[in-house]
Amino acid sequence: MSSNTTTRRPVSPGGARAAAPDRRKQYRRRARIADILVTSLWASGAAAAALFLATGGSAKFGTVADAVTSIGIVTGLIGTDFILVMIVLAARIPIIDRTVGHDRAIAVHRSLGKPALYLLLAHGALLLVGYGMSSGINPIAEIGPMLAIPDMPLAVIGLGLLVVVVITSLVAVRRTFSYEGWHIVHLLSYVAVLVAVPHQLSVGGILSAGSVERVYWIALYVVAFGSIATYRFAEPVISTIRHRVRVSRVENVAPGVVSIHLSGRNLRALESAGGQFFVWRFWTGRTWWHSHPISLSALPTDKTVRITVRDLGTGTSAISSVRPGTRVSFEGPYGMFTDAGRTAPKLAIVVAGIGITPVRAFLEDSKVRPGETTILLRASTQEEAYLWNEISELARRKGARLYTMVGKRAQSGPGWMPQADASRGVTLRSVFPDLADSDLYICGPTAWLDLVENDARRAGIPEHQLHTERFDW
Amino acid sequence: MRTRATLSGIFASVAILVIGWQAGSAAVTAATATSAASGAGARPGTPGTATSPTPSATTTTATAPATTAPAAASAVTGSFTGSSTSTPYGSVQVQIVVANGTMTEVKALHLTDDGGRSVQISNTAAPILRSEVLSSQSARVSTVSGATYTSDAYLTSLQSALDQAGI
């Protein structure tokens with residue numbers, strides 16, 4: 001998965017030869033690919049509208065009824081295109097994960113959800129009005145004739161499902177669901193998208209049989225559903241079968257925190273970089289129905305992997321009690337919280353609580369020169385100083401400066417550090433004097449992380465130097 | 001970087017839209033040219049009707065020969081196929097059955113069928129047009145609302161059949 005794995009060296013000062021210009025070049029290459037991805041997002045929307053124009057659509061604005069109908073058709077085409085783009089973004093396609101990162105891809109996916117739904121609702125409403133006007137009846141009376149068109153009832157069901165999917169994904173509503181409940185509802189979007197296909201091909205004339213437009217349109221579906229089938233289903237299944245991962249040992253790290261040691265075959269072939277995560281599923285009677293994104297807390301060997309989990313919810317507490325021998329299936333590796341994501345000459349790391357896990361593996365994997373790295377460890381209490389001993393050992397070997405902050409979040413000041421430090425006048429700048437020239441890797445609970453991130457933005461760090469990994473779903 | 005991505009996105013979008021629009025215009029022109037040519041082959045007198053789908057133009061062109069014809073051929077019998085007339089939603093072609101100078105039946109050989117919506121419109125409009133045409137014995141009937149393209153093409157094809165029958 002990660003392109004930098006081939007150059008990975010065992011941890012040693014000698015392995016720290018990564019030159020700064022290299023990083024800039026890597027970053028530029030990624031940025032170029034990201035630009036192309038953004039451009040194709042725009043282009044696909046335009047292409048949807050162009051399908052309408054290419055079938056003589058520009059001549060269909062003569063009367064008000066025609067104009068309303070035409071706009072209705074275009075909103076349907078663009079809305080559907082957005083839905084397909086959303087599917088592609090959620091498919092965890094390696095090139096997207098490696099260039100913009102899975103979390104940003106999902107952010108774009110989320111931001112397209114409401115516009116896509118609005119466009120499709122407008123599509124339905126405008127066509128009711130447009131068809132109604134041309135037949136001289138009101139839009140409500142047009143519902144009957146509209147549903148009488150073959151394939152239309154299915155399309156209406158599809159739109160209904162899509163409304164449900166988007167509503168359950170609104171932040172406020174989503175909080176009331178468990179992840180699994182939400183996910184099952186979300187899977188309905190595949191059904192919603194597929195049942196809308198027949199009416200697209202049969203009701204309008206744009207995608208008529210044998211036309212180039214139809215070929216293009218079907219190709220979009222093939223790409224969207226093909227990437228889901230490949231990267232969300234086939235690849236994880238093949239990986240799981242090939243690597244035969246099982247639980248070998250569960251180790252208590254601290255109250256409520258366990259390291260799960262897994263064993264498998266040929267694990268280096270997964271090419272996971274330090275800081276990446278996998279989505280794990282433990283096949284026991286109580287846990288098989290939910291999966292968990294969990295970072296590796298150490299670089300894998302060829303036969304073993306370690307993950308470290310805190311009991312965040314009912315699901316995770318069930319997996320902390322899995323027995324040795326339990327079969328494990330997984331998807332991944334994912335994530336850009338890695339050495340390959342670096343863009344700047346210096347490295348700054350801020351980490352809180354169980355967020356330590358990807359940082360632990362990232363640090364082990366990263367090719368840093370002595371003096372390049374500064375680490376700030378954060379915990380509410382001394383008991384939450386998970387893996388700090390390992391981090392401090394790595395910091396010593398890598399020549400990194402290490403600071404710690406223990407205590408509850410302050411009520412004043414930046415809010416992400418303990419009161420004592422805030423009162424002393426500690427700032428992000430005072431901890432990381434080279435912040436402007438640093439990649440800042442932040443990992444921890446969302447609420448805390450947002451505070452650090454905002455603080456860093458206020459300090460003027462460029463957006464591409466910010467790397468975050470939020471620890472909740 | 002983001003500005004560059006947005007700019008190239010806008011550029012790509014505009015380019016695609018222009019290409020689509022041009023392809024669309026080219027397709028429409030080509031379709032009209034074909035239909036005009038086929039109309040001319042079937043009946044030299046009515047080549048212009050296919051290119052002007054607006055109701056007023058069709059009605060005037062169609063009515064002119066119909067008013068001059070009837071007296072001459074009162075004993076015509078047989079079936080006559082009208083020219084195929086294209087619309088953005090598919091072509092329309094009708095056939096008439098004439099007995100002793102009277103039109104007794106109108107059959108739609110092909111109706112606008114570009115998608116389920118078009119089919120629905122055609123199926124609604126065709127029976128209305130048929131009965132109006134049979135009762136007025138001419139193509140001088142009003143278009144069915146919501147089916148302007150279909151009506152115009154139907155009446156144009158019908159007029160060319162009437163011209164062949166000489167009624």
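## Antiparallel sheet of chain A

Three strands of chain A form an open sheet in the order β1-β2-β5, with antiparallel pairing. Strands here are DSSP E runs of at least two residues, helices are H or I runs of at least four, and both are numbered from the N terminus. Two strands pair if DSSP finds at least two bridges between them. β1 (246-254) and β5 (304-310) of chain A are the edge strands, and each pairs on one side only. Seven bridges join β1(A) to the antiparallel β2(A), residues 257-263. N252(A) sits opposite V258(A) of β2(A).

On average, neighbouring strands of this sheet are turned by 20° against each other, direction ignored. Axes are lines fitted to C-alpha atoms, for helices over the stretch in contact, and angles run from 0 to 180 degrees between N-to-C directions.

## Model and numbering

This is a predicted model: local features need pLDDT of at least 70, side-chain atom pairs count only at pLDDT 80 or more, and totals for chains, interfaces and linings use all residues. Residues are numbered from 1 along each chain as its sequence is written, while chains are lettered from A and ligands numbered from 1 in the order in which they are written.

## Parallel sheet and its helices

A five-stranded open sheet of chain A has the order β9-β8-β7-β10-β11, with parallel pairing. β9 (401-406) and β11 (466-470) of chain A each have a single partner strand, so one side of each is left without a neighbour in the sheet. Neighbouring strands are turned by 10° against each other on average, direction ignored. β10(A), residues 438-444, pairs with β11(A) in the parallel sense over five bridges. In this pair, I442(A) stands opposite T468(A) of β11(A).

Helix α12(A), residues 356-365, lies across β7 (346-352), β10 and β11 of chain A, at about 140° to β10(A). Helix α13(A), residues 388-398, also packs on the sheet. α13(A) touches β8 (373-379) and β9 of chain A, and its direction makes about 170° with that of β8(A).

## Nonpolar cores

The largest nonpolar core has 61 residues. Such a core is a set of buried Ala, Val, Leu, Ile, Met, Phe, Trp, Tyr and Cys residues joined through C-beta atoms within 7 Å. I349(A), V351(A), V359(A) and Y441(A) have the most contacts inside the largest core. β7(A) gives the largest share, six residues. Leaving aside neighbours within four places in sequence, V359(A) is in contact with I349(A), V351(A), Y441(A) and C443(A). Contact means C-beta atoms, placed from the backbone, within 7 Å.

A second, separate core has 57 residues, including V68(A), I73(A), I96(A) and L127(A).

## Chain A overall

Chain A has 16 helices and eleven strands. Its C-alpha trace spans about 80 × 50 × 45 Å along the principal axes. Of the 473 residues of chain A, 43% count as buried. A residue is buried if 20 or more other C-beta atoms lie within 10 Å of its own, exposed if 12 or fewer, and partly exposed in between, with C-beta atoms placed from the backbone. Among chain A contacts between residues at least 6 apart in sequence, 75% join residues at least 24 apart.

## Interface with chain B

28 residues of chain B are in contact with 35 residues of chain A. On the chain B side, α1 (2-42) and α3 (116-136) are the elements that give two or more residues. α1(B) supplies the largest share, 17 residues.

By class, this side of chain B has 13 nonpolar, twelve polar and three charged residues. Ala, Val, Leu, Ile, Met, Phe, Trp, Tyr, Cys and Pro count as nonpolar, Asp, Glu, Lys and Arg as charged, and the others, Gly among them, as polar.

Note on methods: Two residues are in contact if their C-beta atoms, placed from the backbone, lie within 7 Å.
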